[in-house]
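Here is a short tour for anyone opening this entry for the first time. Have a look at the picture, then read on.

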Amino acid sequence: EETLDSIMKKLKEALRDGGNRPSTVTHTFSCTSVKALGNLASCPAGMIATGCSCGFACGSWNVQNENVCHCLCPIIDWTLARCCQLS
Amino acid sequence: EETLDSIMKKLKEALRDGGNRPSTVTHTFSCTSVKALGNLASCPAGMIATGCSCGFACGSWNVQNENVCHCLCPIIDWTLARCCQLS
Amino acid sequence: EETLDSIMKKLKEALRDGGNRPSTVTHTFSCTSVKALGNLASCPAGMIATGCSCGFACGSWNVQNENVCHCLCPIIDWTLARCCQLS
């Protein structure tokens, strides 16, 4: 059980910089790839598409709803979505 | 108004793990696309280009100043920048 | 040296919202490009590939181990990895 003395000791430490101690929270940035047949590839829930890759050497694509890669060339056999998130 | 008693109660709670309570701050990772005519597309202020898409099926590009997509094929009608930020 | 009075003053401020003050920690999202000869380009340690660019207009690529860009067209002179991190 905390006593006034033990709390005072912790407080002096904690308030040394005015109470603005660094947070212990760390975020992690991570990505994964999703490849699908056809000209669309959807990121998993909660992830955002940061780039897309297309079959047949095609470099023309756009992103729908921030999480679906859409390859734009007339003939596309596969689409890959590069999907990232903060966790 | 806080009293010594009410403060002591909060402190016992707050210092239970030595004062290293999880932060309530949450960051959000978000992206948007910017499409422009020609071979350059610029991200909005504060955003960074994570990938680029080019017209005419071109998959060759680089990023200038971390926020401008530059498509490298000789003939390019449009350029798309995929732009992301932490907020 | 802190006194009970000075600590009490800081505490009343700090606990005004129940002790859940916003953290002063800020994360930064940053990216860089790595270009290499051949069909592979590796991100620096700690960075993740968010997209890839390939020579010869090729837009077909995948990512190995989350940090290596691999261009998939038969003939590739250079590969560029777009590499990002949270710091």
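What percentage of the 87 residues of chain A count as buried? The figure is 47%. Keep in mind while reading that this is a predicted model.

## Chain A at a glance

Let's start with the layout of chain A. Its secondary structure comes to one helix and six strands.

Now for the contacts and the surface. Take the contacts in chain A with a separation of 6 or more: 60% of these are between residues 24 or more positions apart.

## Disulfides in chain A

A quick reminder before the details: a disulfide is a covalent bond between the sulfur atoms of two cysteines. Counting over all chains, the structure holds 15 disulfides. How are the bonded cysteines of chain A paired, if you number them in sequence order? The pattern goes 1-10, 2-9, 3-6, 4-7, 5-8.

One of the disulfides joins A:Cys31 to A:Cys84, with 2.1 Å from S to S. This pair ties together distant parts of the chain, since A:Cys31 sits in strand S1 (residues 29-37) of chain A and A:Cys84 in strand S6 (residues 78-86) of chain A, 53 residues apart. The link between A:Cys31 and A:Cys84 is right-handed, with 105° about the S-S bond. Are these two cysteines, A:Cys31 and A:Cys84, buried or exposed? Both A:Cys31 and A:Cys84 are buried.

A:Cys43 and A:Cys83 are bonded, with their sulfur atoms 2.2 Å apart. Here too distant parts of the chain are linked: A:Cys43 lies in the loop between strand S2 (40-42) and strand S3 (48-54) of chain A, while A:Cys83 is in strand S6 of chain A, 40 residues apart. Why is the disulfide of A:Cys43 and A:Cys83 left-handed? Because the torsion about its S-S bond is about -85°. A:Cys43 and A:Cys83 are both buried.

## A look at chain C

Hop over to chain C and find C:Cys43 and C:Cys83. They form a disulfide, and their sulfur atoms are 2.1 Å apart. C:Cys43 is in the loop between strand S2 (40-42) and strand S3 (48-54) of chain C, and C:Cys83 is in strand S6 (residues 78-86) of chain C, so the pair links distant parts of the chain, 40 residues apart. The torsion about the S-S bond of C:Cys43 and C:Cys83 is about -85°, which makes this disulfide left-handed. C:Cys43 is buried, and C:Cys83 is too.

## Salt bridges between chains

Time for the charged side chains. Side chains of opposite charge can pair when their charged atoms come close. How many salt bridges are there over all chains? The count comes to three.

Begin with B:Arg82 and A:Glu66, which form a salt bridge with their closest N and O atoms 2.7 Å apart. The pair crosses between chains, going from B:Arg82 in strand S6 (residues 78-86) of chain B to A:Glu66 in the loop between strand S4 (61-64) and strand S5 (68-71) of chain A. B:Arg82 has a relative accessible area of 0%, so it counts as buried. A:Glu66, at 32% relative accessibility, counts as partly exposed.

Next come C:Glu66 and A:Arg82, whose side chains meet in a salt bridge (2.7 Å, N to O). The pair joins two chains, because C:Glu66 lies in the loop between strand S4 (61-64) and strand S5 (68-71) of chain C and A:Arg82 in strand S6 of chain A. With a relative accessible area of 31%, C:Glu66 is partly exposed, whereas A:Arg82 is buried at 0% relative accessibility.

Finally, the side chains of C:Arg82 and B:Glu66 meet in a salt bridge, again listed at 2.7 Å from N to O. The pair runs between chains, from C:Arg82 in strand S6 of chain C to B:Glu66 in the loop between strand S4 (61-64) and strand S5 (68-71) of chain B. C:Arg82 counts as buried at 0% relative accessibility, while B:Glu66, with a relative accessible area of 31%, is partly exposed.

Notes:
Residues are numbered from 1 along each chain as its sequence is written. Chains are lettered from A and ligands numbered from 1 in the order in which they are written. This is a predicted model: local features need pLDDT of at least 70, side-chain atom pairs count only at pLDDT 80 or more; totals for chains, interfaces and linings use all residues. Side-chain values use heavy atoms; hydrogens and water are left out. A disulfide is a pair of cysteine sulfur atoms within 2.5 Å. Helices (H or I, at least four residues) and strands (E, at least two) are DSSP runs, numbered from the N terminus. Buried means under 20% relative accessible area, exposed over 50%, partly exposed in between (1.4 Å probe, protein chains only). A salt bridge is a side-chain nitrogen of Lys or Arg within 4 Å of a carboxyl oxygen of Asp or Glu. Contact means heavy atoms within 4.5 Å.
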